[in-house]
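Here is a short tour for anyone opening this model for a first look. Please keep the sequence and the viewer side by side as you read.

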Amino acid sequence: MDSAPWSADIEAARQQWLAAVASCAQLPALRSVQVECLGKNGAVTALVRRIAEVPPADKRAYGQATAALKAACETAIATRQTELEAAEVQAELDDATFDCTLPPAAVLGNRARPTGHAHPLCTVQQEVEAVFSSMGFAVLDYPEVESEFNNFEALNIPGWHPAREMQDTFWLDNGLLLRTHTSSGQVRALHTFQPPFRAVFAGKVFRYEATDASHEHTFHQLEGLLVDRVVSVGHLLDSMRTLLSAILRRQVEVRLRPGYFPFVEPGFELDIACQLCGGAGCSACKQSGWLELLPCGLVHPQVLRAGGLDPAQWQGWAFGLGLSRLAMMRYGIGDVRLLLGGDVRFLSQF
Ligand code: PHE
């Protein structure tokens with residue numbers, strides 16, 4: 001059977017448009033070819049519509065042939081588009097002047113794309129680190145997954161010790177745990193540095209506990225450790241006051257209470273007047289008007305020994321600042337759960 005008179009037209013169109021697609025070297029060119037071929041007034045669209053003029057006996061074959069043509073053009077265009085997009089990205093990456101650390105377009109003038117900014121916890125952490133850095137402290141970073149030794153034993157908290165109950169723990173299958181406090185870094189620092197030394201180390205800590213406005217299972221602390229021949233509680237407290245007035249930028253009322261932590265002796269709780277309610281009592285301060293912010297004390301001789309130091313030669317002080325609480329006081333955030341909730345509407349306010 002002779003092929004129908006229109007089949008040559010369809011074949012010619014196929015060759016013409018596939019060649020046109022293949023010759024596109026840029027995305028805008030491909031977009032015009034797509035319009036010329038498949039747009040409302042496109043050439044292939046016109047061919048498809050011409051079915052109205054085809055004799056009834058041919059309609060079925062004609063319809064199938066033009067549908068196949070249209071599909072072939074669509075596939076070719078989609079494939080070419082993927083290739084050109086990939087080539088565009090590659091060309092940017094190959095460009096020696098391309099800087100992937102540049103801020104996004106918003107900073108460069110395109111307001112459509114908003115820029116991000118530091119999380120309030122990061123800002124507070126960096127500010128505290130800067131204050132301690134200016135006082136000669138090294139800024140360190142220690143792992144979130146810890147050994148039982150570093151988190152408990154070396155800190156004078158053996159397995160039978162009731163203090164373990166205060167810090168319910170996430171245990172891993174391999175016997176390690178998620179650190180319950182940044183104090184686990186104390187032993188690491190004692191093993192790493194020759195005294196005298198001073199260091200701060202901040203980060204996430206984890207406790208297996210119910211959450212409320214002032215408790216989260218994951219929160220941030222910043223630990224400070226200073227080791228020298230002779231240290232004093234006076235020096236410790238003065239450093240804490242320097243820190244608080246630098247961060248909160250105002251005179252804050254503090255109170256010192258005895259506090260029990262097996263790894264310090266003597267130990268203290270340094271509370272600040274709740275900055276949210278001004279001391280009247282709210283859910284953030286458990287209606288007490290005070291917020292436990294800065295547990296601290298002189299390093300226990302057992303801890304110095306576990307760190308390989310002779311307590312007759314060396315002394316130290318340490319503190320474990322509640323960074324999440326400090327951020328709450330600084331920014332007037334009433335619920336700790338907001339900090340790690342990941343809600344952009346909340347975070348974009350800072
Ligand atoms: N690690 C203690 C806690 O998280 C706080 C602390 C640190 C107390 C350092 C004293 C000295 O509760």
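**A patch on the surface**

V89, L93 and F98 form a nonpolar patch on the surface, together showing about 280 Å² of accessible area. Patches are built from residues with over 30% relative accessible area and no salt bridge, with like charges joined within 9 Å and nonpolar side chains (Val, Leu, Ile, Met, Phe, Trp, Tyr) within 5 Å. Accessible areas come from the Shrake-Rupley method with a 1.4 Å probe, and for residues only the protein chains shown count as cover.

This is a predicted model, where local features need pLDDT of at least 70 and side-chain atom pairs count only at pLDDT 80 or more, while totals for chains, interfaces and linings use all residues. Residues are numbered from 1 along each chain as its sequence is written, and side-chain values use heavy atoms, leaving out hydrogens and water.

**Overall layout**

- The protein chain is divided into domain 1 (3-100) and domain 2 (120-347), with bounds that come from an automatic or database domain assignment.
- The centres of domain 1 and domain 2, taken over C-alpha atoms, are separated by 65 Å.

**Helix α4**

- L93, one of the patch residues, is found in helix α4 (residues 59-94); helices (H or I, at least four residues) and strands (E, at least two) are DSSP runs, numbered from the N terminus.
- L93 is exposed, at a relative accessible area of 52%; here buried means under 20%, exposed over 50%, and partly exposed in between (1.4 Å probe, protein chains only).
- E83 forms a salt bridge with R80, and their closest N and O atoms are 2.5 Å apart; a salt bridge is a side-chain nitrogen of Lys or Arg within 4 Å of a carboxyl oxygen of Asp or Glu.
- Both E83 and R80 lie in helix α4, three residues apart, about one turn of the helix.
- E83 is partly exposed, with 42% relative accessible area.

**Other salt bridges**

- A search of the whole structure finds 13 salt bridges.
- In one of them, D271 pairs with R255, the closest N and O atoms being 2.9 Å apart.
- That pair links distant parts of the chain, 16 residues apart, with D271 in strand β7 (residues 264-273) and R255 in strand β6 (residues 254-258).
- D271 is buried, at 1% relative accessible area, whereas R255 is partly exposed, at 31%.
- D271 and R255 also belong to a network of salt bridges that links R255, R257, D271 and E292.
- D335 forms a salt bridge with R337, where the closest N and O atoms are 2.7 Å apart, and R337 counts as partly exposed at 35% relative accessibility.

**Two buried residues**

- S239 sits in helix α8 (residues 233-248) and is buried, with a relative accessible area of 4%.
- The side chain of S239 reaches the backbone oxygen of H235 at 2.9 Å.
- Leaving aside neighbours within four places in sequence, S239 is in contact (heavy atoms within 4.5 Å) with M135 and W317.
- I333 is placed in the loop between α10 (323-331) and α11 (344-347), and counts as buried at 3% relative accessibility.
- Beyond its neighbours within four places in sequence, I333 is in contact with L276, A327, M328, L338, L339, F346 and F350.
- The C-alpha atoms of I333 and G234 are separated by 31 Å, and these residues are 99 residues apart along the chain.

Terms used:
Polar contact = N/O pair within 3.5 Å; in protein donor to acceptor, adjacent residues only side chain to side chain.
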